[in-house]
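Colleague: I'm new to reading models like this one. Could you talk me through how you decide what to call things?

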Amino acid sequence: MAWFTRDKPSVKREDRAKRVRTEGLWLKCERCGQIVWRKALEDNFQVCPKCGHHGRLDARTRLVMLFDEGQFEEFDRGLVSTDPLAFVDSKKYSDRLAASQEATHLRDAILSGAGNLNGRRVHVCAMELKFVGGSMGTVVGEVITRAIERSLQHRVPLVIVSASGGARMQEGAISLMQMAKISAALMRLDEARVPYLSVLTDPTTGGVTASFAMLGDLNIAEPGAQIGFAGPRVIEQTIRQKLPPGFQTSEFLLQHGFLDAVVKRADLKNYLSKTLDFFLPAAESNAQQNPVTRAS
């Protein structure tokens, strides 16, 4: 009996070591339930190779995917949200900001960059869902407005990739003012006939949907993305009716005329490039060799 008692813990330690080495290497697809190798998922930009389900993508990876060789010049890195209302719910707003900054290594829920997309100079803003739910506060509003103004100044197309729960309630009416601020700037861009392409990803909801996400010269969504203003449960409780299947998915919105296209992630870069060729024939060499930095 003593021999078995000594051996048993060593077997357990060995099994535990195996579990540690393999933990996190495999993931389960949310849609089809298949087990997928994490590396294969990352190489495919979080699209399931089994069923094509589009998982969520962080803002920096989004920029790397769209810009040639993953290189871009980043703007407005120093802008940081304040706490104008000294807001407290289950925790202080200032603590939420600090936690999100540590988790995402971003100052706020957006990245703004400029670089070349298939040889054409473009400005791209990508929202980060992991930063306070990708909510739109003063910094998001200011970063997007500055990107619009740069596009206007240099006559360079703008792409905004939305992934957001809406306006940031911790900043109250100040966050709602960003809707009007960005929309007014986009009107000036439209009057100057500089293209703006809006890409809606999962999820795009609330004040973001109600403002710049739906104001593109072309509104493009990824497959299966949830897009809407209020959530389906709130809508059902308000109208006291059952919603149709697939309500608020990108495919449903395309069918009912709210979107111009639903494009797979693997095809998105080329689709944007061809669209810009249509809007701006004969690619000007505005692929000017401005300094760009390799994304980290």
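This is a predicted model: local features need pLDDT of at least 70, side-chain atom pairs count only at pLDDT 80 or more; totals for chains, interfaces and linings use all residues.

Colleague: Which residues of α5 are buried, and what covers them?

Modeller: Among them are Val 139, Val 140, Ile 144, Ile 148 and Leu 152. Arg 150 is on that list too. The cover includes β3, β4, β5, β6 and α6.

Colleague: α6 is where Gln 178 sits. Why is Gln 178 called buried?

Modeller: Buried means under 20% relative accessible area. Gln 178 has 6%, so it is buried. Leaving aside neighbours within four places in sequence, Gln 178 is in contact with Met 136, Gly 137, Thr 138, Gly 141 and Glu 142.

Colleague: What makes Asp 43 and Lys 39 a salt bridge?

Modeller: The cut-off is a Lys or Arg side-chain nitrogen within 4 Å of a carboxyl oxygen of Asp or Glu. For Asp 43 and Lys 39 the N to O distance is 3.0 Å, so the pair counts. The two are 4 residues apart in helix α2, so about one helical turn separates them.

Colleague: And why is Asp 43 called exposed, but Lys 39 partly exposed?

Modeller: Exposed means over 50%, buried means under 20%, and partly exposed is in between. Asp 43 has 52%, so it counts as exposed. Lys 39 has 40%, so it lands in the partly exposed group.

Colleague: Which parts does the salt bridge of Asp 108 and Arg 168 tie together?

Modeller: The side chains of Asp 108 and Arg 168 meet at 2.9 Å, N to O. Asp 108 lies in the loop between α4 and β4, and Arg 168 in the loop between β6 and α6, so the pair ties together parts that are 60 residues apart in sequence. Asp 108 has 2% relative accessibility, so it counts as buried, and Arg 168 has 0%, so it is buried as well.

Colleague: How many salt bridges are there by this rule?

Modeller: The count comes to 17. There's also a network of salt bridges linking Asp 76, Glu 142, Arg 146, Arg 150 and Lys 181.

Colleague: What about the surface? Which residues make the nonpolar patch?

Modeller: Leu 25, Trp 26, Ile 35 and Trp 37 make it, and it comes to about 440 Å². A patch residue needs over 30% relative accessible area. Ile 35, in strand β2, has 47%, so it clears that cut-off and counts as partly exposed.

Note on methods
Residues are numbered from 1 along each chain as its sequence is written. Side-chain values use heavy atoms; hydrogens and water are left out. Buried means under 20% relative accessible area, exposed over 50%, partly exposed in between (1.4 Å probe, protein chains only). Contact means heavy atoms within 4.5 Å. Patches are made of residues with over 30% relative accessible area and no salt bridge: like charges are joined within 9 Å, nonpolar side chains (Val, Leu, Ile, Met, Phe, Trp, Tyr) within 5 Å. Accessible areas come from the Shrake-Rupley method with a 1.4 Å probe; for residues, only the protein chains shown count as cover.
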